[in-house]
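Here are a few notes to read alongside the model. Have a look at it first, then work through the points.

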Amino acid sequence: MSVSFTAVDFETANRSPASACAVGVVRVRDGEFVERETWLIHPPEGHDQFEPFNIQLHGVSPERVARAPRWRESLQRLIDFIGDDVVVAHNAGFDIGVIVAASRASRLPVPGMRYFCSLRLARTSYQLPSYKLPRAAAAAGYTLENHHDPLADAEACAAIVVDVARTGGFTDMDELASSSRVQIRDLQPEDAPAHDQLVADATF
């Protein structure tokens, strides 16, 4: 027996956190990867300009997302996949920030969820020269061969949490969080922003 959660990783089209262009999700039950999904996302209008650096990083281009679902459909699919799980991400502030920014940019309510950072967990659990995802995942016994592929990154993130939980004998996320002193944080739900607020938030 081990922990259960959902790992998430986003890629973005540019520096805007609203520019979600791909996501990978992995459902973990008792320490086992039981379901995986990944899909492309057409970034919200006004945040859909692809920067060459980002394209080179993850390989997602405007052509690839031309017929991809918009954020509204992607957000619902994501919420359905996560269910009541704690969401885990490596540098969770970034990935949760994508959910918030893309939702606001799309005039959608921000969903509530609980989330946990595998980067913070790695820093408290391993002695490494770097805690970037490939190095931290390797310490957990996972070889990340395709960094910046969102599904591979989500799996690597999940592997870190599973490894630390198994090593410590933890069977739920609250127990792991308490022992590691890495807080499970709450994303508070927000109503869809008004038009004036959207204008104010137009540049991130």
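Predicted model: local features only at pLDDT ≥ 70, side-chain atom pairs only at ≥ 80, totals over all residues.

1. Two strands pair if DSSP finds at least two bridges between them; strands (E, at least two residues) and helices (H or I, at least four) are DSSP runs, numbered from the N terminus. Here, strands E2 (residues 20–29) and E3 (residues 32–40) run antiparallel and are joined by eight bridges. Gly 24, for instance, has Thr 38 in E3 as its bridge partner.

2. Residues are numbered from 1 along each chain as its sequence is written, and side-chain values use heavy atoms, leaving out hydrogens and water.

3. Now helix H8 (residues 173–180): its buried residues (under 20% relative accessible area, 1.4 Å probe, protein chains only) are Met 173, Leu 176, Ala 177 and Ser 180. They cover an arc of only 100° around the axis (taken from the directions from the axis to the C-beta atoms), so they sit on the same side of H8.

4. What caps the N-terminal end of H8? Asp 172 does, with a side-chain oxygen 3.0 Å from the backbone nitrogen of Asp 174. After H8 comes Arg 181, with a positive phi near 60°.

Notes
Buried < 20%, exposed > 50% of the residue type's maximum accessible area, 1.4 Å probe, protein only. Polar contact = N/O pair within 3.5 Å; in protein donor to acceptor, adjacent residues only side chain to side chain.
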